Amino acid sequence: MATETRSICCYCGTGCGVIIESADDRIVGVRGDPEHPANFGRLCSKGNTLHLAAVNTGRATVPLLRESRAVLPAPTNWDNALDVAAERFAAIIREHGPDAVAFYVSGQLLTEDYYVFNKLARALVGTNNIDSNSRLCMSSAVAAYKATLGSDAVPCSYADIDLADLMLIAGSNTAFAHPIVFRRIEAAKEKNPDLKLIVIDPRRTDTAASADLHLAITPGSDALLYSAMLHVLLWEGLTDNAFIAQHTNGFSDLRTQLTEFTPGAVATACGVKAEEIVTAARLFGNAKAPLSFWCQGLNQSIHGTANGAALIHLHLATGKIGQPGMGPFSLTGQPNAMGGRETGTMANLLPGHRDINNPTDRAELAALWHIPALPEKPGKTAVELFNALADGSIKAVWIACTNPAQSLPDLAKVRTALTKAEFVVVQDAWGDTETCAFADLLLPAATWGEKDGTVTNSERRISRVRAAVAPPGEARADWRIARDFALKLSEKVGDGKTALFDFHSVEEVYAEYVKTTIGRDLDIGGLSHETLDRLGPLQWPVRDGIGTDRLYTDHRFAFPDGKAKFIPIDTRLTAEAPDARHPFRLLTGRLRDQWHGMSRTGRVPRLYSHEPEPRIEIHASDLHRRSWQEGQLMRVKSRRGEIVLPLAVSEAVKPGQSFVAMHWGARSLSHDGINALTIPAFDPVSKQPELKHAALRIEPATLPWRMVVLRSPELAADANEKVLAWRARLAPLLAGFDYATLTLDGRERPLIALRIALAAPLPAERIEQIATILEMPAAACLAYRDPGKHVIKRARIEDERLTGILLAGEDQAADWLRAALRDGVPIDELRRWIFAPRAAPPVATVAPRKVICNCLDVSEDQIRREIAAGADLTALQDKLKCGTSCGSCVPEIKRMLAVPQPA
């Protein structure tokens, strides 16, 4: 009998409530929680498939210890694993000092996990070298809020979406990155036709296509644009001068800087018309309740702090903050990046929104922790931390629940750093991420559906995360692993500090964390797991069991004098400008159905159907001018590295721009993915790297020999596990090819797809190695061979359906054969065509198709046929049901509907 457990989705920072269905200690289903105020029952395509990612293949289930870098890791027990870790860390601390070790953790940890790690680093080890991968996504927003409003506190709520009369979305493809928030924005626009939407983004994304005004700015010109908008507000008398005088400081200095930023003066640099800047400013200034959202497009910049501050300036200059429907709202990228900020689990922060550079804050926390003092020296932030590993000043690193060997910029340097480190601990639920390959010690952690604790979403709402099943094997909760290590380490370097970690339950950890917030701006004194279980999710600060919808309602801000600040604005563009050798601008971003490094979503075959494989997108004019072909393999080079990707044409980018999704890494490609090319330059305040931009050179790759292998198991309950097991065995081979991709596909019939391109034919024994892994020996397959042309073809047929195809040396039929495997087309329709060098599908049932609606498997062709017949959105939803489940596909369907139909 199934059991239901209320919890929270583990993807973005929207914080959607979920109901997990479990049976026989397995997660078997998930649906949205209709009572949770973040989503009211809605889930996106990723959240809807969470249960499908609850697989065994790839899980870390026992501690693995590598005796030396020359041997493979071997299983060990927890006691020995932690003893070894404690002794290695202690030895380094004794010889080189506490700053020779570091901790790099994750925005996906629970608040309780964060808290124990933070206490371990600062109170026991005595270092501030603890940072989070939230440095890569949210630290510029943190810095912008602190610089202008005095505290890292989002002043708005999702409820403000329904109350705004203008929404401005900057640097965020919200339709893809925060789909449930965007559903709410769409609903608000439908309810209020007068509500206007401005989107500021270099690309014509699904979010931008939904806008009343889209400003397709030059990458990096964000702060310049908002400053020009503020110039217009001043010129046209749309500022609230009384508010500025009474509630802010610094405006006169900023006003002097703004003199130069007329719309006409900045239009060329911003890549938009001066009139568009004026229109955007007037819309904002005349709105009664403007609500602005921003995300990585602003944050991942060498002036990310200035970008966020310049946007906040618009609210301060007009006095439109602190009341219903208005304010600056940063959208959080990870499920508990907010919790990490609250617990101070970043190198420059301390628990309870304390500052590492503030002696009073350090003394308060030291007193709470009953230790003499906290370390004063600032810790290394993410990029700095791995630079220090590379130069040897940091000797050991503990990496928890994150994958820096895929997600950091300039990955060649990151890999060098991990190789040079004397001791690397990786604590993760998955044992097959790119970073795990560098682990001297791999510790198995519990993951979503197995953990208990709390998270805080983008609107400051604290929710309970609950375990539905036990973790597999010997995996443990993250807070417990950190505690157990702390107890071991305290015996060696702690001078009797064992009592610091006298936690017997996750509830006790939370209770101690709560004490660090009392009297602070995020005060949750009196809150506990039991209180949250009883009252439900609450927004901090919480007073007498009542949460706070919005902040600064009295226009008293978090600086000591109660006034907000205008700050000088850095209006540089990007760290790296295009030039003759690198003429393309790189833009990076997200796909709709994947998340971060795909360590979870990448295990769900159906989540590949919308974007099956990695590619680089450019404008059609760039392709035609250079006589390139769509699908052609290209060498993509920056000043840091080189990768190979197929070319795709996109209307979303301008000429001279290119786009590559951030998700694909070395488990899917024969190279490191786009972060092999990104630049490690970072904002001097927030230390957040500019992952969004780089200058690229793109040129054809001469790799004429091709191979495609497609394999689907027989229908069975464990078919998905079978596909993942094949992938696990193939993935180590990828690096040996000039170009290769390894992806998944399918729904009821999951399949694995391997594409290879080489300068010369692959030796037959290598082909046989791949065939053996995929259980496609010649004796079990239909086979064709032409040694003179280096062509080998095989087809595996089971139960009168094609379940495997290998095309080596000639692969024209790969796309329609993929459709045949995925859809289980009977072999009688295909038998005569299986080995034909034919790109066109021989029968209609195997025509390749792009899936638009992932939830209900509705293809682009199906939707286009109905549109051609006169269907509108309502008719499409009635007949095909597309867009009626999670709604993530609705913006794309609207774009299709907007294309004029032939008369």
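The charged end of Arg 203 sits over the ring of Phe 659, 3.6 Å from its centre (that is, NZ of Lys or CZ of Arg within 6 Å of the ring centre and within 35 degrees of the ring normal). Bear in mind that this is a predicted model: local features need pLDDT of at least 70, side-chain atom pairs count only at pLDDT 80 or more, and totals for chains, interfaces and linings use all residues. Residues are numbered from 1 along each chain as its sequence is written, and side-chain values use heavy atoms, with hydrogens and water left out.

**Rings**
- Lys 119 also lies over a ring face, that of Phe 501, at 5.9 Å from the ring centre.
- Phe 89, Phe 103, Phe 117, Trp 398, Phe 423 and Phe 485 make up one aromatic cluster (rings of Phe, Tyr and Trp, using its six-membered ring, pair if their centres lie within 6.5 Å; planes under 30 degrees apart are stacked, over 60 edge-to-face, the rest tilted).

**Salt bridges**
- A search of the whole structure turns up 71 salt bridges (a side-chain nitrogen of Lys or Arg within 4 Å of a carboxyl oxygen of Asp or Glu).
- Arg 520 bridges to Asp 361, with the closest N and O atoms 3.7 Å apart.
- Arg 520 also forms a salt bridge with Glu 364, at 3.6 Å between the closest N and O atoms.
- Asp 622 and Arg 626 meet in a salt bridge too, at 3.2 Å, N to O.

**Burial**
- Asp 361 is buried at 8% relative accessible area (buried is under 20%, exposed over 50%, partly exposed in between, with a 1.4 Å probe and protein chains only).
- Arg 520 is partly exposed at 22%.
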